[in-house]
Structures are given as structure tokens and as C-alpha cells.
Amino acid sequence: QVQLVESGGGLVQAGGSLRLSCAASRSIFTIDAMGWYRQAPGKQRELVAATSGGSTNYADSVKGRFTISRDNAKNMVYLQMNSLKPEDTAVYYCNARRIDYTGKAFDYWGQGTQVTVSS
């Protein structure tokens, strides 16, 4: 079990930047994947960025603008968001995924942080 707490959301103008932080309640060294998802009103939750085993992947819509990073020593995950667009407006959720020896995945979620980008 791991609790996740996001912070860093807010209101920003288009073209601006925000840095989201996700604090985990315990060591994330053994967590297989950490990621950020977002959900806009009326839309499904979607993957924004994830990091696993030293590799990262991003949604096409954020490639070149967002960067995910992970600090295992501090039990923290970050999402640096640059060149923000109004369509980036959403609630952003931190996710931790642990996969057990059978291959079953366990997902843990934070409460979310609102990001609003004004035009």
C-alpha cells in the first residue's frame, strides 16, 4: 500500500509553466511504474506521462512540453509542464503501479490536483 499526495496545480496563462509534485508515503524504489494521468470534464482519464525501469513515455499531445522525473531517494515524482495550452486543463492524478510475482497489477492513486490554463 502506498498513499500519494499531489501538489503544484493552479491557474496559469497559456504558454506558462507549472511543476506538479507527487509525494509517496513510503519508498517508491520497488514501485514498478510511476505516472501522471489527467481527466478533463466529460472525458476519460488519460495517461500523460509515465516512468518505469529508467524509461519514460508520454502522450503525443504533451511530447516536447512535459517532462516526468522520479526521485527514489525522496519518494517523489514530478511533472514539469511547459508551454501550457488551454487543452491541458484537467485534474492531474499521480499513479503508482506495482506488479506482483503473478503479473497482477496494483494501482494506487492520489486525490488529484487541478490545473487550469487560461487563454
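Is Asp60 buried or exposed? At 64% relative accessibility, Asp60 counts as exposed, where exposed stands for over 50% relative accessible area, buried for under 20% and partly exposed for the range in between (1.4 Å probe, protein chains only). The model discussed here is a predicted one, in which local features need pLDDT of at least 70 and side-chain atom pairs count only at pLDDT 80 or more, while totals for chains, interfaces and linings use all residues. Residues are numbered from 1 along each chain as its sequence is written, and side-chain values use heavy atoms, with hydrogens and water left out.

Asp60 leads directly to the charged pairs. A search of the whole structure gives 5 salt bridges, a salt bridge being a side-chain nitrogen of Lys or Arg within 4 Å of a carboxyl oxygen of Asp or Glu. One of them joins Asp60 to Lys63, with 3.1 Å between the closest N and O atoms. Lys63 is partly exposed, at 49% relative accessibility.

Another salt bridge connects Asp88 and Arg65, whose closest N and O atoms lie 2.8 Å apart. This pair links distant parts of the chain, since Asp88 sits in the loop between β8 and β9 and Arg65 in the loop between β6 and β7, 23 residues apart. Strands such as these are DSSP runs (E, at least two residues; helices would be H or I, at least four), numbered from the N terminus. Asp88 counts as buried at 0% relative accessibility, and Arg65 is buried as well, with a relative accessible area of 10%.

Arg38 and Glu46 form a further salt bridge, with the closest N and O atoms 2.7 Å apart. Here Arg38 is buried, at a relative accessible area of 6%, whereas Glu46 is partly exposed, at 36%. Arg38, Glu46, Arg65 and Asp88 are linked in a network of salt bridges.

Attention now turns to the strands. An open sheet is formed by 4 strands in the order β1-β3-β8-β7, with antiparallel pairing; two strands are taken to pair if DSSP finds at least two bridges between them. The edge strands are β1 (4-7) and β7, each of which pairs on one side only. On average, neighbouring strands of this sheet are turned by 15 degrees against each other, direction ignored; the axes are lines fitted to C-alpha atoms (for helices over the stretch in contact), and angles run from 0 to 180 degrees between N-to-C directions. In general, strands of a sheet pair through backbone hydrogen bonds, either parallel or antiparallel. Between β1 and β3, the antiparallel pairing runs over 4 bridges, and Leu4 stands opposite Ala24 in β3.

With neighbours within four places in sequence left aside, the contacts of Leu4 (heavy atoms within 4.5 Å) include Cys22, Met34, Cys94, Tyr108 and Trp109.

Some loop residues also deserve a look. Asn75, in the loop between β7 (66-71) and β8 (76-81), has a positive phi of about 55 degrees although it is not a glycine. Asn75 is buried, with a relative accessible area of 18%. The side chain of Asn75 reaches the backbone nitrogen of Ile28 at 3.4 Å, and beyond its neighbours within four places in sequence, Asn75 is in contact with residues including Cys22, Arg26 and Ser27.

Ser83, too, has a positive phi without being a glycine, in this case near 50 degrees. Ser83 is found in the loop between β8 and β9 (90-99) and counts as partly exposed at 41% relative accessibility.

Finally, Ala59 lies in the loop between β6 (55-58) and β7 and counts as buried at 17% relative accessibility. Ala59 touches Leu47 and Val48, not counting residues up to four places away in sequence. The C-alpha atoms of Ala59 and Tyr101 are separated by 28 Å, the two residues being 42 apart along the chain.

Key. Polar contact = N/O pair within 3.5 Å; in protein donor to acceptor, adjacent residues only side chain to side chain.
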